[in-house]
Structure formats: structure tokens, C-alpha cells
Amino acid sequence: MIFAIKPFEIHDGDGIRTTVFFKGCPLRCKWCHNPESLSFEKEILFDNELCTSCLSCIGICNANIAKDGKHIFIKENCTLCGKCEALCPNNAFDISGKEMSAEEIADAVLKDEIFMKGSGGGVTFSGGEPLMQVDLCIETARILKKHGINIAVDTSGFVKKETLDKIIPYTDTFLFDIKAIDDDVHIKCTGVSNNQILENIKYIDSLSIPMEIRYPYIPAMNEGEAEKIAEFVKNLKSVKVMRILPYHNYAERKYNTLGLNYPLPHIVPPTKEEISGVIEKIKHSGVKNAIPY
Ligand code: SF4
Ligand code: SF4
């Protein structure tokens, strides 16, 4: 179950990459900017702000009705047939989630093989949590490896060691988030403990597989974790780079389109100066390769 395949990504590992977004995630990070990645199921996003009440979609199903000349969407009545997505002139509908075979994913990725190879890039399996669908990752990786494609896996790390062991032979680089070292803070931010995540990062480090570590910096949530994370990272020998991801609230509208409440209270995104200060702190704690996202 895939919710997007995006070519020409430059923030998901080295070079120009095609990022494959696997649907479904066991974490519930309060700042998640891909809320459509959370559920493993196919679902519909409806953006009320794009709807002009042209009423073209009235009558195509029981989910779209008109009242007083205005369009009303009743999500519970949607059967995910997809007719509205093609019909709406304002692209107010988006069906998220498509079942794809490894061959279909690989074909989509290989369209941009020349750019990936020319830039030292490759493919990045992301999500959601790609390793919830580890067998699909492996099948896709097998095909792509035959074409010499570099493979990065962007994982929450919240997976069993046996699952990691399955994907390791195909992985050139792992991308891990560290959201907090204090487990209470981690549970508050994500809903799960960080024990398995930190163990998995140490395990990958012990195998000397290159890693990129990301620290999503979320004011009022995990801002006090910077130096603790730096202390942990400085003892790892396989970290190529540590990136600091500043909080942004661009996803708030997406939550509305899914009929979900945005889980964070109002938080002011950090300024460039604030992020520079965080990076200085991290460098001062011994992680010299810390950079902004
Ligand atoms: S996906 Fe089908 S059932 Fe759902 S709103 Fe669109 S047309 Fe109606
Ligand atoms: S077709 Fe699109 S713009 Fe027209 S009423 Fe339906 S959702 Fe609104």
C-alpha cells in the first residue's frame, strides 16, 4: 500500500532521489506532516476550501449531496470508488493509498534512473513506516539492486530487530529520526517508547552501515532534548550527518481534509536563528556534522 512516489527529492539522502512513501505507521507523532501516512488503509481526502460548489459531483454517489445550493461531503458514505477524483474540476478530492506490486514500484522508480545515477542519488523507502511492509520493500529492492540503484531506508526504527535484519542486505543508508532520549518525552510526542528505536540505531552502528540522523525540533514538545540527543549521537561512528528539521505547520490543512483534528496546540515555528542556536548547541556537545535540513 503506497501513498506517493515522488521523483527529484533532494532531502531524503544523497543526490537526487525518488522517494517511495509506504502507507501505515505505528507511531503517532503529534507534528506528523503526512497524516495520510498513518492509516494502512486506503482513504479519501476532501479539501472543502477548494470546492466551489459547482455541484458536478452531486448524484455520482451517496457521499456528495447538495443543500441550499451548497455541496456537502459525507465521508461515512464514501466507498472509495475514485470517480470524484477524476470529475472534480478543482481537485478537491484525493484518494490516498494504492496497492502496488514490487514490479510496479520499481518501474516507477526506474523512470528517473539516469538522474539518480548521475547525481549519486537513488531511491528512498519512506512513509509512514516502510518496514511495516518489509517484504514489499525487499522485493522492490531486489529488482532495483539489479539496476545498480542505491537504496536508503527512512525508518522510525520502531521495528523488531528481525525485521531490520531482513532489509539490511539491501540497504546502503539508513535514515533514522531521534525525537527524544527521555522516554517520557518520547511517549508524549509519539505515543510509543524509544527503547527499541535506540537499540536498533546502536545495532546498525555496530554493523558500520552509514546512517543519517534527523532531529525534528518541535518547540514546547522536544526542544529540551537537543543536547541529550547529541550525547547519544556523538558515540555513534557511522553517522554521516545529523540534520535538524524545524517544525512547520503546513500540514494543518491536510488534517482537515481527512476529517482529523490537528493534534498539536498552536506552536510558533522556530526562526532560522533559533535553529542555528540549536545546531551550535549540538556541535558544542560533540556532533560536528550537525546541519540544518
Ligand atoms: S470516491 Fe466514490 S464514493 Fe467516495 S466520494 Fe468519490 S465518488 Fe463518492
Ligand atoms: S465537483 Fe468538486 S468543486 Fe464541484 S461541488 Fe463537487 S467537490 Fe465541489
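Which residues does Thr 163 touch, not counting residues up to four places away in sequence? Thr 163 touches Leu 131 and Val 134, where contact means heavy atoms within 4.5 Å. The residue is found in helix α5 (residues 161–167), with helices (H or I, at least four residues) and strands (E, at least two) taken as DSSP runs numbered from the N terminus. At 18% relative accessibility, Thr 163 counts as buried; buried means under 20% relative accessible area, exposed over 50%, and partly exposed in between, with a 1.4 Å probe and protein chains only.

A word on the ground rules before we go on. This is a predicted model, in which local features need pLDDT of at least 70 and side-chain atom pairs count only at pLDDT 80 or more, while totals for chains, interfaces and linings use all residues. Residues are numbered from 1 along each chain as its sequence is written, chains are lettered from A and ligands numbered from 1 in the order in which they are written, and side-chain values use heavy atoms, with hydrogens and water left out.

Helix α7 (residues 195–206) has 12 residues and reaches 17 Å from its first C-alpha to its last, close to the 16 Å expected at 1.5 Å a residue; the expected span is 1.5 Å times one less than the number of residues. Its buried residues are Ile 197, Leu 198, Asn 200, Ile 201, Ile 204 and Asp 205. They cover an arc of only 160° around the axis, which puts them on the same side of α7; the arc is that of the directions from the helix axis to the C-beta atoms. An α-helix has 3.6 residues a turn, so residues three or four places apart point the same way. The partners of the buried residues of α7 are α5, β9 (173–177), α6 (183–190), β10 and α8. After α7 comes Ser 208, whose phi is positive, near 60°.

Helix α10 (residues 272–284) has 13 residues, and its first and last C-alpha atoms span 18 Å, close to the 18 Å expected. Here Ile 275, Val 278, Ile 279 and Ile 282 are buried. Seen down the axis of α10, these buried residues fall within an arc of 100°, so they line one face of the helix. On the other side of α10, Glu 273 and His 284 are exposed. The buried residues pack against β10 (211–217), α8 (226–234), β11 (239–246) and β12 (290–292). Following α10 is Gly 286, with a positive phi near 115°.

Leaving aside its neighbours within four places in sequence, Ile 282 is in contact with Tyr 215, Ala 226, Ala 230, Met 242, Ile 244, Val 287 and Ala 290. Together with Phe 125 and Phe 174, Ile 282 has the most contacts inside the largest nonpolar core, which has 54 residues. Such a core is a set of buried Ala, Val, Leu, Ile, Met, Phe, Trp, Tyr and Cys residues joined through side-chain atoms within 4.5 Å. The largest share of this core, 6 residues, comes from helix α4 (residues 134–146). Apart from it lies another core, of 18 residues, among them Cys 32, Val 185, Ile 218 and Ala 251. Ala 251 is found in the loop between β11 and α9 (252–257), and is buried, with a relative accessible area of 5%. Beyond four places in sequence, the contacts of Ala 251 are Cys 32, His 33 and Pro 35.

Now for the rings. The structure holds 9 aromatic pairs: rings of Phe, Tyr and Trp (its six-membered ring) pair if their centres lie within 6.5 Å, and planes under 30 degrees apart count as stacked, over 60 as edge-to-face and the rest as tilted. The rings of Phe 22 and Phe 125 have their centres 5.6 Å apart and their planes at 75°, so the pair is edge-to-face. This pair links distant parts of the chain, 103 residues apart, with Phe 22 in strand β2 (residues 17–22) and Phe 125 in strand β7 (residues 122–126). Tyr 215 and Tyr 217 form another edge-to-face pair, at 6.0 Å centre to centre and 90° between the planes, and both tyrosines are buried. Ring pairs also link Phe 46, Phe 73 and Phe 93 into a cluster.
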